[in-house]
Amino acid sequence: MTTATVPDHRGRYGVFGGKYVPETIMFALEELETAFNEAIQDQEFNELFQKELAIYSGRPTPLTKADRLSESNGGASIYLKREDLNHTGAHKINNAIGQALLAVRMGKKKIIAETGAGQHGVAAATVAAKYGLSCKVYMGKEDIRRQALNVFRMKLLGAEVIEVTSGSQTLKDATNEAIREWVAAVEDTFYLIGSAVGPYPYPKMVKQFQQVIGHETESQFKEIKQGKLPDAVVACVGGGSNAIGMFAPFIEKDVPLYGIEAAGMGVETAQHAATLSKGSNGVIHGSLTKLLQTSEGQITEPYSISAGLDYPGIGPEHAYLHETKRVTYEAVTDEEALHALKLLCENEGILCALESAHAVAYSLKLAKKMQKDQHVVVCLSGRGDKDVHTLMEFEEGGE
Amino acid sequence: MNKRWEVFQHSSDYRFTPYIMAGDPCEEATIELSLALEECGAHALELGVPYSDPLADGPVIQRAGMRGLAQNMNLEKTVKLVSKLRERGLKIPVIIFTYYNLLLQLGENRFLKLAENSGVDGVLVPDLPYEESGYLQKICSEHNLALISLVSPTTREEKLARLSREAEGFLYCISSLGVTGVRSEFRAGLDEFLKAAKRNSRVPVLVGFGLSTREQIQQFDGSSDGFIVGSAIVKKIEELESDLLTNREEAVKTFKSYIESLLPVYSR
C-alpha cells in the first residue's frame with residue numbers, strides 16, 4: 001500500500017485505524033462519513049470553510065524566518081509556521097471550524113468535545129458560540145485543577161465544562177467519558193474530536209481540516225524561495241493533528257518530515273509520552289494504533305510537561321507513517337523543550353506553547369547538522385500564554 | 001454448539017444471565033458468587049475482565065473494574081478462573097466479557113486455545129463491532145466458541161437482520177442508548193426492535209443494559225427470551241465488599257436473597 005491509497009475503504013492505514021466502538025454508535029460513524037464525503041466535494045462548503053478560516057481565524061498565518069535564532073544556532077535557517085497567530089491561539093481552531101460547519105450542515109444542534117489542557121475545549125466552545133450550538137466539554141478533574149484559566153474561558157464562551165472523575169482524571173479519561181456521552185446522545189449530538197485520533201472517519205476528517213497548515217506553508221515557502229521546497233519539516237505530535245496537517249502536502253514529495261513526541265523526563269524513564277518510540281500496537285478510543293500500555297493491555301498514564309502531548313495514543317496515520325518510515329519520529333525531553341522555548345523568546349520575541357517548543361528544540365538540533373543554505377520549517381502550533389503558570393512553577397521549583 | 005449451550009437454548013424459562021466482574025472483590029468471592037448465581041437459577045454467566053478504559057461501561061462497572069485491577073485480575077487469569085468454576089461444579093455457559101485491547105495483547109489465538117481448554121463457552125467484545133470482527137469470528141468457530149453479537153436500537157434494519165441470523169449462543173439486544181448502568185426508563189419502540197431481532201434469530205434473544213428491578217425484567221418477558229443484569233448486581237457486590245472479603249458465607253447468603261428478590265417467576 002502506498003501512502004496515497006490510505007486510508008482504505010475500511011478506514012485503515014495499513015493495519016492501523018478502523019472503528020473499534022460499541023455497536024450503538026456505528027450508524028453515527030457511517031452517517032458522519034457520508035456527510036463528510038459529501039461536504040468536501042461540495043464547492044460551497046469548501047468556500048465557506050476557507051472564508052471562515054480567513055475572516056474569523058485570521059488565515060493565512062505567516063511563515064516567519066527566525067533570523068536571530070538561526071544565526072545563534074548555526075547551520076540551516078529556521079522558518080516558523082505561525083499557527084500561534086490563529087484566533088484562540090493555536091491550530092485547534094482550524095479543525096473546530098471545519099467540524100462545526102459540518103455539524104451545522106448535518107442539522108446537529110449539540111456538540112460535545114474532550115479536552116486535556118483546554119485548548120481544544122476553548123476552540124470547541126468558541127465555534128459553538130459562533131454557530132449557535134450548545135457545547136459540553138469533558139475534562140479530567142486533574143486537568144481542571146491545572147488549567148483553571150482555560151476552564152474559565154470555556155465557561156465565559158457559554159460552554160458547560162463537565163468534570164471527569166473516572167480513571168486517572170486526565171485527557172484519556174475525558175475522551176472515554178465524551179465517547180460514553182456520545183453513545184447515550186448519539187441521535188442528536190455531534191462529537192467534535194480535537195485531534196487526528198478516534199474511529200474512522202475522524203483521523204481523515206481532522207487531517208482534511210488541518211491540511212491548510214501544510215498547503216499554506218508550501219506556497220509561502222515556494223514564494224520566498226523561487227519554487228523550492230523546504231529541506232526539512234518539523235512538527236510536534238501528541239494525538240498528531242498539527243503534524244498531520246503540516247505534513248499532508250509533503251508526504252508524497254521528497255521532503256524529510258520529522259514528528260516530535262514528548263520524552264518527558266526521558267524515554268528511558270516511566271515518565272514520558274513517547275508513544276511511537278516506546279509503545280506497541282493496541283486499541284484506544286476507537287482506533288488501532290500505537291499506545292503506551294502494560295503487557296496485559298492496560299493503558300498507562302503518560303507524562304509530559306506539556307499537557308497537549310500528554311496522551312497515551314497517537315493518530316493511526318502517524319502509526320502508519322512511522323511503520324513505513326516515511327516520517328522520522330523523535331522524542332524531546334521537558335528540559336530540552338523548556339530550553340528551546342526560552343531561546344525562541346529571547347531571540348525572536350515569540351512565546352510559543354510548550355507543545356510547539358518540542359518541535360523547536362528538535363529543529364535546533366537538526367539545523368545544526370545541516371548546511372547554511374538549507375531551510376527547516378517548524379510548525380509553531382500554538383502560543384504559550386496558557387503555559388505561563390506552568391513555566392512559573394517550573395522556574396520556582398528549579399531554584 | 002456444545003452441551004452447555006444446548007441446555008441454554010432448549011430451556012423454556014425466561015433466561016437469566018447475570019454479569020459480574022472477575023476479581024471483584026477477590027477471586028474466591030467471584031467463584032462463590034458465580035456458584036450462588038447458578039443456584040439461584042442463572043442460565044448463563046457473563047464474566048467481566050477488569051480494564052483501564054472501559055468505554056462502554058457506566059460508573060458502577062468502572063468501579064468494579066478498578067477493584068478487579070487492584071487484585072491483579074487480568075484476561076488470562078479470568079479464563080483460568082473458569083477452569084476453577086468448572087472444577088467446583090458450575091454447569092451453565094460462561095461468556096468472557098472483554099475489551100478488545102486485552103484480547104489483542106494476550107493474542108486472539110492464545111486466548112481461544114486457553115478458553116477452549118478452560119470450559120469457556122463464549123466471548124463478548126463490546127468495542128468490536130461486526131465490521132471489525134471477521135478474524136475473531138473465524139477463529140472462534142474453529143475453537144467452538146460463540147462470539148456474542150450486540151445489537152442496538154440504532155442498528156440499521158439490514159444489519160440487524162444479518163446479525164440476528166448469524167448470532168451464536170444468544171443475541172444481546174441493548175435496551176437503551178448509552179453505557180451500562182441502572183436506568184429508570186427504556187427507549188420507546190423497544191418492543192418493535194426486539195420483535196425484529198427475534199424474527200430472524202435462531203438463538204435466544206436476550207435484553208440487557210439498565211435492568212435493575214423485577215418489574216423492569218417482567219416488562220420484557222413477552223418480547224424476549226431472556227435478560228441480562230449487570231450493574232444492579234455489581235452494585236450489590238460493591239455494597240457487600242467488606243463482608244465478601246471477611247465474612248463471605250453470610251455475604252453470599254445476603255447476595256442470594258437479593259438475587260431472588262430480583263428474579264421474576266420465570267416459568268412461562
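Reply: Lys172(A) forms a salt bridge with Asp53(B), and their closest N and O atoms are 3.0 Å apart. A salt bridge here is a side-chain nitrogen of Lys or Arg within 4 Å of a carboxyl oxygen of Asp or Glu. Lys172(A) lies in helix H8 (residues 171-185) of chain A, and Asp53(B) in the loop between strand E2 (45-48) and helix H3 (59-70) of chain B, so the pair joins two chains. Helices (H or I, at least four residues) and strands (E, at least two) are DSSP runs, numbered from the N terminus. Both Lys172(A) and Asp53(B) are buried. Buried means under 20% relative accessible area, exposed over 50%, partly exposed in between (1.4 Å probe, protein chains only).

This is a predicted model: local features need pLDDT of at least 70, side-chain atom pairs count only at pLDDT 80 or more, and totals for chains, interfaces and linings use all residues. Residues are numbered from 1 along each chain as its sequence is written, chains are lettered from A and ligands numbered from 1 in the order written, and side-chain values use heavy atoms, leaving out hydrogens and water.

Within chain B, Arg86(B) forms a salt bridge with Asp121(B), closest N and O atoms 2.7 Å apart. Arg86(B) is buried at 17% relative accessible area. Asp121(B) is buried at 0%.

In chain A, Glu31(A) forms a salt bridge with Lys108(A), at 3.1 Å between the closest N and O atoms. Glu31(A) is partly exposed at 30%. Lys108(A) is buried at 10%.

The structure holds 45 salt bridges over all chains.
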